[in-house]
Amino acid sequence: MAAAASSSSNAHVSTSATTVDELLAKLGGVSSSKVAVVYIGAKWARVNAAMRDFFVTRLAPKVPAPLAEFFILDERDCFAITDHFGIRTFPTTVVLKEGVVLGQLAGGNQAAIGRMVMRATGIGGGGGGGQFH
């Protein structure tokens with residue numbers, strides 16, 4: 001996949017990274033306080049289109065770019081990342097900060113993913129209720 005942001009309004013959404021080192025480099029290194037939100041799905045799966053839309057149009061706009069970088073990846077293009085985190089189910093979302101996993105969630109539960117990201121970035125305490133339904 002080409003390294004490009006999904007849109008100019010969500011410049012902190014990337015569609016390319018093949019290794020954990022590449023993810024960390026895009027954040028500014030392992031010592032960066034920026035949170036990495038890594039969604040790994042399967043392009044061929046119907047749920048992937050809905051989840052990509054959720055990340056790009058609903059979740060990423062709620063998180064200021066200085067706090068987080070979003071990565072939307074296809075499982076066939078990031079074997080090193082899926083192996084590193086032991087991911088065998090798609091979709092899976094992993095949230096990292098300073099190279100440490102803060103949360104990992106398999107499936108497409110948008111409310112749970114939203115809460116996990118809000119907690120990790122310190123926005124609104126992560127309660128979230130049903131704001132992402």
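Author: Helices here are DSSP runs of H or I with at least four residues, and strands are runs of E with at least two, both numbered from the N terminus. The model is predicted, so local features need pLDDT of at least 70 and side-chain atom pairs count only at pLDDT 80 or more, while totals for chains, interfaces and linings use all residues. Residues are numbered from 1 along each chain as its sequence is written, and side-chain values use heavy atoms, leaving out hydrogens and water.

Reader: What pattern does the chain follow along the sequence?

Author: The secondary structure comes to four helices and five strands. Read from one end of the sequence to the other, the pattern is β-α-β-α-β-α-β-β-α.

Reader: Which strands stand at the edges of the sheet?

Author: Two strands pair if DSSP finds at least two bridges between them. The five strands form an open sheet of mixed pairing, in the order E1-E3-E2-E4-E5. Each edge strand has a single partner, so one side of it is left without a neighbour in the sheet; these strands are E1 (13-14) and E5 (100-106).

Reader: Which residue in E4 stands opposite Val38?

Author: Strand E2 (residues 35-41) runs antiparallel to strand E4 (residues 92-97), and six bridges join them. In this pairing the bridge partner of Ala36 is Leu96. Opposite Val38 stands Val94.

Reader: What is the phi of Glu98, in the turn between E4 and E5?

Author: E4 and E5 also pair in the antiparallel sense, over six bridges, and Thr93 has as its partner in E5 Leu105. The two strands form a hairpin with two residues between them. Glu98 sits in that turn, and its phi is positive, about 55 degrees.

Reader: At what angle does helix H1 run to E3?

Author: Angles run from 0 to 180 degrees between N-to-C directions, along lines fitted to C-alpha atoms, for helices over the stretch in contact. Helix H1 (residues 20-27) lies across E1, E2, strand E3 (68-74) and E4. Its angle to E3 is about 150 degrees.

Reader: Within what arc do the buried residues of H1 fall?

Author: Buried means under 20% relative accessible area and exposed over 50%, with partly exposed in between (1.4 Å probe, protein chains only). In H1, Val20, Leu23, Leu24 and Leu27 are buried, while Asp21 and Ala25 on the other side are exposed. Residues three or four places apart in an α-helix point the same way, because there are 3.6 residues a turn. Taking directions from the helix axis to the C-beta atoms, the buried residues of H1 line one face, because they fall within an arc of 95 degrees.

Reader: Which helix is among the elements that cover the buried residues of H1?

Author: The cover includes strands E2, E3 and E4. It also includes a helix, residues 79-85, which is H3.

Reader: How many residues of E4 are buried?

Author: Of the 133 residues in the chain, 47% are buried. E4 has six residues and is mostly covered. Its buried residues number five.

Reader: How far apart in space are Gly41 and Asp74?

Author: Gly41 lies in strand E2 and is buried, with a relative accessible area of 1%. Leaving out residues up to four places away in sequence, its contacts (heavy atoms within 4.5 Å) include Asn48, Leu73 and Asp74. Gly41 and Asp74 are 33 residues apart in sequence. Their C-alpha to C-alpha distance is 5.2 Å.

Reader: Which side chain is joined to that of Asp74 by a polar contact of 2.9 Å?

Author: Asp74 lies in strand E3 and counts as buried, at 2% relative accessibility. A polar contact is a pair of N or O atoms within 3.5 Å; within protein, one must be able to donate a hydrogen and the other to accept it, and residues adjacent in sequence count only if both atoms are side-chain atoms. A polar atom of the Asp74 side chain lies 2.7 Å from the backbone nitrogen of Lys43. The side-chain partner at 2.9 Å is Arg76.
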